[in-house]
Amino acid sequence: MTRSIIRLPLVLAALCGLVLPALPVAAASRIKDIAAVEGIRENQLIGYGLVVGLNGTGDTVRNSPFTQQSIAAMLERMGINAKGVTMKPENVAAVMVTANLPAFARQGTRIDVTVSSMGDASDLNGGTLLVTPLLGADGEVYAVAQGAMAVGGFSAGGDAATIVQGVPTSGRVSNGAIVERETTFQLSDMNKLHLALHNPDLTTARRVAEAINEHMGERLAEATDPSTVLLSRPVGYKLPLVAMLAEIEQLSVTPDQRAKVVIDERTGTIVLGSEVRINSVAIAQGNLTIRISETPVVSQPNAFGEGETVVVPRTQVDVTESGPKQLGILQESVSLQQLVDGLNALGVGPRDMISILQAIKAAGAMQAEIQVM
């Protein structure tokens, strides 16, 4: 069965035969929703550790020798000589621990961590993560993780059958890491900073700069490129820079967007941007279906005749062509609603509509970019 997901309210209304009131082409958004302050960002952390307390579902020595090495190294740090000792770490698993360090996270702040198995452990349920240093890209330790894991999946089975639900080899430790080192970024000392747009666009960058200048009453913002707006601190501004940013991020701006059609041929998904326009074109579309059916017939000789009973194949081929028998006119569209109505008037499914949109683009009648996922 073909699945179709049209991710626009107007498109859904057209497909369902509903009539909705006219909607604005674009809605205003806050600056905090379309841009971010450069420097205020998360940092990724990673570490290697051990999960203990598993119920015989940990790593095996044959496939995961590094688990045994890690256990021996840990025991030696605790004053236990484990050299030359043969281990069967069925209750221990080597894991990678990852986390995101939020911007301006202070020492003592707790963050969530994700734990993923490295070896051939089959289930991490009931395990406890031992102390694991989490390093940043610079090799410094920024947090230390430890705690009991919460695993969403499970596995169970016997000699003849096994059932697995979810991913039992990955889990999370809520508030499992404590921040030990802070990132050095002093926002209050900056006199100039950059606003980075999530979707780079020249028109949107200019509108953001104009909205800021109008609100502040002086020319403080300037669009330097499609993704960056340079913001300067006013001379004599007595309030902290955070207060100025809090005012600016609440300003409303109508972002502009490029005319684009996004197509996912695997699922039959079509997403049309509100700026998509199509010139008048004539379209004829049809499907050719070939059905081949096999009906074997048994050929048997007479009662006293000589011969053998054989199966004689009989093949029937039917060729049918479905679809409109004439050209359909798709009038020049001036709105998304009219474009959708024109495409739905052709009476084709999502798969055929994808081919039609690509053919319209190839004919030069579509003023939009087609992106195939």
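The buried residues of α4 are Thr 204, Ala 205, Val 208, Ala 209, Ala 211, Ile 212, Asn 213 and Met 216, where buried means under 20% relative accessible area with a 1.4 Å probe and protein chains only. Helices (H or I, at least four residues) and strands (E, at least two) are DSSP runs, numbered from the N terminus. This is a predicted model in which local features need pLDDT of at least 70 and side-chain atom pairs count only at pLDDT 80 or more, while totals for chains, interfaces and linings use all residues. Residues are numbered from 1 along each chain as its sequence is written, and side-chain values use heavy atoms, with hydrogens and water left out.

The buried residues of α4 pack against several elements, including α2 (31-34), β12 (192-197) and α5 (241-248). Thr 204, in helix α4 (residues 202-216), is buried at a relative accessible area of 3%. Leaving aside residues up to four places away in sequence, Thr 204 touches Ile 34, Leu 197, Pro 255 and Asp 256; contact means heavy atoms within 4.5 Å.

## Length and ends of α4

The 15 residues of α4 should span 21 Å at 1.5 Å a residue, and the end C-alpha atoms are 21 Å apart, which agrees. The expected span is 1.5 Å times one less than the number of residues.

At the start of α4, a side-chain oxygen of Asp 201 comes within 3.0 Å of the backbone nitrogen of Thr 203. Just after the helix, Gly 217 has a positive phi of about 80 degrees.

## Helix α3

Helix α3 (residues 65-77) has 13 residues and reaches 19 Å from first C-alpha to last, close to the expected 18 Å. Among its buried residues are Ile 71, Ala 72 and Leu 75. Their cover within the structure includes β3 (43-52), β4 (93-101) and β6 (128-135).

## A three-stranded sheet

Three strands form an open sheet with mixed pairing, in the order β17-β16-β24; two strands pair if DSSP finds at least two bridges between them. β17 (269-272) and β24 (369-372) stand at the edges with a single partner strand each, so one side of each has no neighbour in the sheet.

Strand β16 (residues 260-264) runs parallel to β24 and is joined to it by four bridges. Val 262 stands opposite Gln 371 in β24. Helix α7 (residues 350-362) packs on the sheet and touches β16, β17 and β24.

Terms used. Buried means under 20% relative accessible area, exposed over 50%, partly exposed in between (1.4 Å probe, protein chains only). A polar contact is a pair of N or O atoms within 3.5 Å; within protein, one must be able to donate a hydrogen and the other to accept it, and residues adjacent in sequence count only if both atoms are side-chain atoms. Axes are lines fitted to C-alpha atoms, for helices over the stretch in contact, and angles run from 0 to 180 degrees between N-to-C directions.
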